[in-house]
Amino acid sequence: MTAPHAAPPAAPSGPRSQAARARDALVGLWRRVSGWLRGHARGVLVVNLITQIAIVGTGGAVRLTGSGLGCSTWPQCEPGTFVPRLHDAMTYHPFVEFGNRLMTFVLAAAAVAVAVVVWPDRTRSTAYRRLGWVPLAGVAAQAVIGGVLVRLELPPILVSFHFLVSMVLVALSLVLLHRSTEGDGPPRVVVDPVTRVAAHVLVALLVVVLVLGTLTTGAGPHSGDDEVGYRLAVDPMLMAKIHAASVWAFTAVLLAVLWRVRGAAGTPGLRRAAWTLLALGALQGAIGYVQTATGLPIALVNLHLIGAALLTAGTMRVWLGTRERIA
């Protein structure tokens, strides 16, 4: 008589099996999330660009409202707590600074999503895939710079550097978005040599405009500290005039680019980008003159900061529009 088959041993239900189930659940969740992100790759890159611009506005609000030391330390807001400590004598400053720090987490999430979308894509070149790590590296660098700023009580040169790094990240985020729709072949110039040189000059002048803009703002009354009337001991009106002259030079080169590509074949995208940049430049210039004439109200100054980020993105679109990658 045949012996009955032995029943299979019961699966262990102890801590190891629970850990395995939790691990499998996390792996499954990660695969679903990363798959969804890769299915919406362009949207992820657009969100990253938007958040890179948005944090310029929240960071500007911190300085313009004098909230740079609203949180007295970093990475904690106050010793022993990561959030503002509520008490009767507190002002709105800790909430402004803490809100900007929360925006950093949003930016970090977008940067992680970019890396998830771009780096694993083996169909693209290594150079493009490496570009996908730039937003995340930038967030980390900006967090360190922000922490140093707080601990050193907002030294003026580092405050300006903090803003300029944001402009670099906006520019590279626009490049990443643009490159996502291109091939990985060598760049082929689609305009004449003079126009290509003018596009290079336009980018160089943008750098001059941004640097002079930070010096002009630093010479004004919005120091980021209610006890300090200025950050840089230079003549505010003189800096404003020099800054305006650089903007007019930038505009003149942009108009030259528009004139040279007005009837060129194969450049409709470049023309749209140039006209958009001209509109942004006109709006930015108007805000600059109005804010100077009206005593630099906080809302207009912050709008001017956001406009600088938009101008940076727009300039990179024009520069990228002068060449293409196919294969």
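Modeller: Let us begin with a term. A residue counts as buried under 20% relative accessible area, as exposed over 50%, and as partly exposed in between. Please keep in mind that this is a predicted model. L29, with a relative accessible area of 42%, is therefore partly exposed. This residue lies in helix α1, residues 15-39.

Colleague: How much of the chain is buried, and how much accessible surface does the chain have?

Modeller: Of its 327 residues, 43% count as buried. The accessible surface comes to about 17600 Å², and carbon and sulfur atoms hold 70% of that area.

Colleague: What is the order of helices and strands along the sequence?

Modeller: The chain has 10 helices and two strands. Their order is α-α-α-α-α-α-β-α-α-α-α-β.

Colleague: What share of the contacts joins residues 24 or more positions apart?

Modeller: Among contacts with a separation of 6 or more, such pairs account for 76%. R63 and V96 are 33 residues apart in sequence, and their C-alpha atoms are 9.5 Å apart.

Colleague: Is R63 buried or exposed?

Modeller: The relative accessible area of R63 is 13%, which falls under the 20% cut-off, so this residue is buried. R63 belongs to helix α2, residues 41-64.

Colleague: How does the span of helix α5 stand against the expected value?

Modeller: One looks at the distance from the first C-alpha to the last. Helix α5, residues 134-151, has 18 residues and reaches 26 Å, close to the 26 Å expected at 1.5 Å a residue.

Colleague: Which residues of α5 are buried?

Modeller: The buried residues in α5 are P135, G138, V139, Q142, I145, G146, G147, L149 and V150.

Colleague: What is the phi of L296, and where does this residue lie?

Modeller: L296 has a positive phi of about 55 degrees, although it is not a glycine. L296 is placed in the loop between α9 (268-293) and α10 (298-320). With a relative accessible area of 24%, L296 is partly exposed.

Key:
Residues are numbered from 1 along each chain as its sequence is written. This is a predicted model: local features need pLDDT of at least 70, side-chain atom pairs count only at pLDDT 80 or more; totals for chains, interfaces and linings use all residues. Side-chain values use heavy atoms; hydrogens and water are left out. Helices (H or I, at least four residues) and strands (E, at least two) are DSSP runs, numbered from the N terminus. Buried means under 20% relative accessible area, exposed over 50%, partly exposed in between (1.4 Å probe, protein chains only). Contact means heavy atoms within 4.5 Å. Accessible areas come from the Shrake-Rupley method with a 1.4 Å probe; for residues, only the protein chains shown count as cover. The expected span of a helix is 1.5 Å times one less than its number of residues.
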